[in-house]
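Thanks for coming. I will go through one model today, starting with its nonpolar cores and then turning to the contact between its chains.

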Amino acid sequence: MNRIDRKFAALKEQGEKALIPFVTAGDPDLETTEKLVPAMLGAGADLVEIGVPFSDPVAEGPVIQKASRRALDSGTTLVKIFGMVRRLREKTDEPLLLMMYLNSIFRFGTERFCSLCEETGVDGVIVPDMPYEERGEIQGAADRHGVVPIRMVAPTSHERIQMIASSAKGFLYCVSSTGVTGMRSRFTTDFSGFFGAVRKYAKVPCAVGFGISNPEQAGKMAAYCDGAIVGSAIVKIVEREGRNAVPAVASFVRSLKAGVTGAPGSAPNG
Amino acid sequence: MQKAGRYGEFGGQYVPETLMNAVHELETAYEKYSRDPEFRAELRRLYRGYANRPSMLYYAKRMTEDLGGAKIYLKREDLNHTGAHKINNVLGQILLAQRMGKKRIIAETGAGQHGVAAATAAAVFGMECEIFMGVKDMERQSLNVYRMKLLGAKVTGVESGTGTLKDAVNEAMRDWASNVESTYYLIGSTMGPHPYPMIVRDFQKVIGQEIRSQLEEREGRLPDCIVACVGGGSNAMGAFYEFIPEKSVRLVGAEAAGKGVDTALHAATITKGSTGIFHGMKSLFLQNDEGQIMPVYSISAGLDYPGIGPEHAQLAKTGRAQYVPVTDEEAVRAFEYLSRMEGIIPAIESAHAVAAAMRIAPEMRRDQILVINISGRGDKDVASIAKYRGVKLNEPD
């Protein structure tokens with residue numbers, strides 16, 4: 001059983017929801033990221049998404065766009081990120097995921113990428129510009145090396161939900177609303193309809209992301225599924241606090257975990 | 001059989017899940033309306049009565065005599081309404097948007113030619129229009145910015161990244177993902193996720209079809225060579241497509257080499273690029289070893305793009321078309337040359353094709369025919385070329 005499945009199984013047993021925070025690797029530098037990841041895990045994060053900076057992140061709003069820029073300016077590369085994951089793995093056995101654009105994998109070499117994921121301990125990879133139909137780009141290599149490509153569904157997926165959700169591994173990433181990443185003050189998605197369809201077909205846990213900016217929202221959204229993903233709101237703190245972001249991020253993550261813990265409902269089927 | 005939307009290994013649909021149903025809807029709508037006689041008739045009427053098609057095929061007598069080789073014809077896309085080939089695609093896509101029930105269109109623009117064309121079509125069809133344009137390009141092409149506003153479009157400056165065409169595409173894709181139900185993304189070149197490269201090519205292929213029939217009438221034969229500039233590749237694909245099966249017709253694309261392909265300042269994607277996945281497609285891109293998209297440079301804001309349409313990538317790979325780099329200096333010389341020689345001021349983009357043709361024509365026989373696609377007119381570039389040459393122009397108060 002991989003770390004992702006193990007984690008969600010444990011959460012289910014405890015009747016808990018997952019909190020999945022995101023940070024951009026190398027923002028403002030990799031030393032800071034290397035401190036942020038364990039600090040977030042210590043503060044209650046269940047899985048961590050590590051963003052690989054890309055020059056042209058088309059699925060991101062301004063906050064993560066700027067973080068990507070800062071990370072590239074600080075000289076962050078994929079090889080250095082793998083080095084960091086390798087060191088983090090000496091300290092933690094919690095699931096670590098990379099969130100990145102397909103070109104970064106393609107150009108690095110899909111086989112080499114997946115083999116380094118396995119070697120350093122990356123459990124899964126989220127690739128927002130690789131839709132279900134193009135999954136063949138990495139599926140073979142990912143399977144060979146035990147890396148889980150996380151599938152995504154969106155409120156615009158409609159009849160596609162069955163196809164995507166039924167074959168998802170690890171967990172299903174449910175995009176909360178149309179648009180790019182970034183904080184939203186309100187959501188217009190019909191969540192009960194959307195998650196109703198998702199829950200009908202998904203055989204794995206579901207986590208919701210995009211636009212969740214505070215513990216209250218995290219709790220509300222997590223109530224529809226098995227966990228909440230929070231990115232821009234955390235990256236915003238890193239933007240403000242820079243190298244000293246660890247305490248503020250940890251305390252925010254703690255409040256988010258409290259938010260999802262207070263969420264009604266329990267893990268799937270249980 | 002080749003999978004739909006693939007050109008060899010190139011092409012595909014690499015967009016976020018949020019947009020997948022939108023690209024599929026577009027595929028379905030295009031499939032339906034491209035065969036609909038009423039749709040086709042309306043597009044023909046717009047081409048003829050609004051865009052001023054067919055565009056002329058002009059025999060460049062003085063240029064032919066001066067270069068001393070092939071007989072040179074100019075395909076005058078610069079005479080289209082709005083001054084460039086861009087209107088061909090825009091009229092087709094706006095009809096499609098209208099049939100699909102969309103109320104708002106968005107578009108990216110580099111030099112502003114596609115933005116102007118999109119704003120024009122939106123005005124004719126009474127649709128809301130927002131154009132995304134890099135802030136650096138807005139500076140270089142302020143006349144076109146004003147033109148778009150005059151046409152009733154909202155122009156949104158894009159500051160992220162390099163503030164040029166690729167960043168405008170990024171921002172347009174972000175807007176599309178945010179407003180996918182109401183909005184039609186009117187892509188201006190043969191790029192992006194399937195079905196865009198096919199749709200844009202189909203709406204531009206009228207250029208090559210006209211070249212064939214006009215030349216047949218004048219010379220009773222096919223051309224020997226067609227030269228067009230390539231940024232994303234729409235005017236070149238439009239000129240080439242009809243002749244791809246005609247193996248005797250040499251197809252040449254002129255890429256922007258900026259300060260030279262051995263410097264960091266160029267946009268010669270085919271000459272210097274490598275395979276990648278970006279802006280919805282697998283194609284050739286200028287990128288570093290980490291897959292970060294590189295800043296590109298050209299004097300021409302319309303060619304200043306780090307990628308190329310997937311069908312061009314395949315034509316280059318199979319050798320069916322050749323792509324040659326043309327520097328800023330060569331393009332500016334060609335811009336001046338065509339102005340003096342034929343009384344035609346070409347767009348600086350099209351001047352890249354003229355420059356490539358000036359190299360090729362003298363090596364061809366006098367009984368051979370070379371067609372240059374003059375994709376746009378150069379009024380928009382006059383001020384920046386004057387600046388390039390150190391000529392100071394007085395701005396009226």
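**Cores and interface**

This is a predicted model. Its largest nonpolar core has 74 residues, and A:Ile50, A:Phe113 and A:Leu172 have the most contacts inside that core. Take A:Ile50. Leaving aside residues up to four places away in sequence, A:Ile50 touches A:Val23, A:Ala25, A:Val37, A:Ile81, A:Met84, A:Val85, A:Leu88, A:Leu97, A:Leu98 and A:Met99. There is also a second, separate core, of 68 residues; A:Tyr101, B:Leu26, B:Tyr33 and B:Tyr305 are among them. As background, nonpolar side chains in soluble globular proteins tend to be buried together.

Now the interface. How much area do chain A and chain B bury between them? About 2900 Å², with 48% of it on carbon and sulfur atoms. On the chain A side, A:Asp56, A:Val58 and A:Arg107 supply 21% of the area buried against chain B, more than any other three residues. The contact involves 37 residues from chain A and 36 residues from chain B.

Next, the polar part. Between chain A and chain B there are 25 residue pairs in polar contact, both residues at pLDDT 80 or more. The salt bridges between the two chains number five. One of them joins B:Arg6 to A:Glu134, with the closest N and O atoms 2.7 Å apart.

Which elements of chain A supply at least two residues each to the side that touches chain B? They are α3 (62–73), α4 (78–89), α5 (102–108), β6 (152–153) and α8 (160–166). α5(A) gives the most, with five residues. By type, the residues on that side of chain A are 18 nonpolar, ten polar and nine charged.

Terms used:
Residues numbered from 1 in each chain as written. Chains lettered and ligands numbered in written order. Predicted model: local features only at pLDDT ≥ 70, side-chain atom pairs only at ≥ 80, totals over all residues. Heavy atoms only, no water. Contact = heavy atoms within 4.5 Å. Buried area = accessible area lost by both parts, 1.4 Å probe. Salt bridge = Lys/Arg side-chain N within 4 Å of Asp/Glu carboxyl O. Polar contact = N/O pair within 3.5 Å; in protein donor to acceptor, adjacent residues only side chain to side chain. Helix = DSSP H or I, 4+ residues; strand = E, 2+ residues; numbered from the N terminus. Nonpolar A, V, L, I, M, F, W, Y, C, P; charged D, E, K, R; others polar. Core = buried A, V, L, I, M, F, W, Y, C linked by side-chain atoms within 4.5 Å. Buried < 20%, exposed > 50% of the residue type's maximum accessible area, 1.4 Å probe, protein only.
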